[in-house]
Amino acid sequence: MAGSEALEVGSRHDLRAARSPDAPDTATYEGRAATHGWVHSYETGSTVDGPGIRITLFMSGCLLRCQFCHNPDTWQLKDGTRVELAQAVRRLSDFAPMLRAMGGGLTISGGEPLVQPGFTGGMFAAAKRMGLHTALDTSGLLGSRADDDYLRSVDLVLLDIKSGDPDTYRRITSRDLAPTLRFAERLAAQSKPTWIRFTLVPGETDDPANVEGIARFVAPMTNVEWVEVQPFHQMGAFKWKAMGIEYKLADTPTASRELVDRVIGQFRAAGCRVR
Ligand code: SF4
């Protein structure tokens, strides 16, 4: 096993690859008890990953293969940096007074935080002991790994529903939609504050029936505070090229203002609060 390295401050847009060649295989790793984890990077001062000013920790490992992924360098644990949990907690504690003063907290994103539930659960529990607000940014595929104990340390879930149609979901992510919907229903049953995130990709997820499917599913959920429509952009394209992975959306345009407005209008018409 490679030794632990420093937890790197950086950006979700930095390319990181082949940092930990000895890391376990992402597809079979369950990571329930963990003294260490594999991390892409962390950002300070984020204002888009939950309320207030936040530290956002980007975990390595994801089982989806979204065609529009901006960070394919987070898919494999071996591309991340191996970090001790205790070291990451100490680093977070350095920022805790500032985060409390700014009404912010810790968001864990990825990749997929639930590929490593032991490490991310440990970080959330530590953040709560520091009096910080916590947010989990997840696709929901591995929602069953977030047991009730795990969710007790999570104040807000940012849940990506990438399509409301099972066939479209499988085509654009390579995985099934059902676990994400089951996780959403569990969050609703627990009244867990949730923001739904929808990536709007022209020609892929913009079909009115697709949007309608998500809107109708989400609208009755009183725990959902916001639906966020996130227009697709090409900022991650260079990573696909650098990693030698075929990128099917090379010619896909950014969503136009008109298209974004139409989709926002659909969510509003269904009764969702949207931005
Ligand atoms: S869930 Fe996120 S990290 Fe995983 S493939 Fe999709 S966009 Fe990329």
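**Entry 1: a word I needed before starting**

I call a residue exposed when its relative accessible area is over 50%, buried when that area is under 20%, and partly exposed in between. I also reminded myself that I am looking at a predicted model.

**Entry 2: two serines with positive phi**

I looked up Ser 191 and found its phi near 55°, a positive value in a residue other than glycine. Ser 191 sits in the loop between helix 5 and strand 7 (194-200). Is Ser 191 buried or exposed? Its relative accessibility is 54%, so I wrote down exposed.

Next I turned to Ser 174, where phi is near 75°, again positive although the residue is not glycine. I found Ser 174 in the loop between helix 4 (166-173) and helix 5 (178-189). Because its relative accessibility is 33%, Ser 174 counts as partly exposed.

Why did I stop at these phi values? Most residues other than glycine have a negative phi.

**Entry 3: a cis peptide bond**

I checked the peptide bonds too, since most peptide bonds are trans. The bond that joins Gly 110 and Gly 111 is cis, with omega about 10°. Where does Gly 111 lie? I traced it to the loop between strand 4 (105-109) and helix 2 (117-129).

How many strands form the open sheet? I noted eight, in the order 3-1-2-4-5-6-7-8, with mixed pairing. At the edges I found strand 3 (81-84) and strand 8 (224-231), each of which pairs on one side only. From one strand to the next, the twist averages 30°.

Strand 2 (residues 54-59) and strand 4 run parallel, and five bridges join them. I picked out Phe 58, whose bridge partner in strand 4 is Ser 109.

Which helix did I look at against this sheet?

**Entry 4: cysteines**

I searched for disulfides and found zero in the structure. I still looked up two cysteines, Cys 66 and Cys 272. Cys 66 has 7% relative accessibility, so it counts as buried. Cys 272 is buried as well, because its relative accessible area is 9% and the cut-off for buried is under 20%.

Methods
Residues numbered from 1 in each chain as written. Predicted model: local features only at pLDDT ≥ 70, side-chain atom pairs only at ≥ 80, totals over all residues. Heavy atoms only, no water. Helix = DSSP H or I, 4+ residues; strand = E, 2+ residues; numbered from the N terminus. Buried < 20%, exposed > 50% of the residue type's maximum accessible area, 1.4 Å probe, protein only. Disulfide = S-S within 2.5 Å. Pairing = 2+ DSSP bridges. Axes fitted to C-alpha atoms, helices over the stretch in contact; angles between N-to-C directions.
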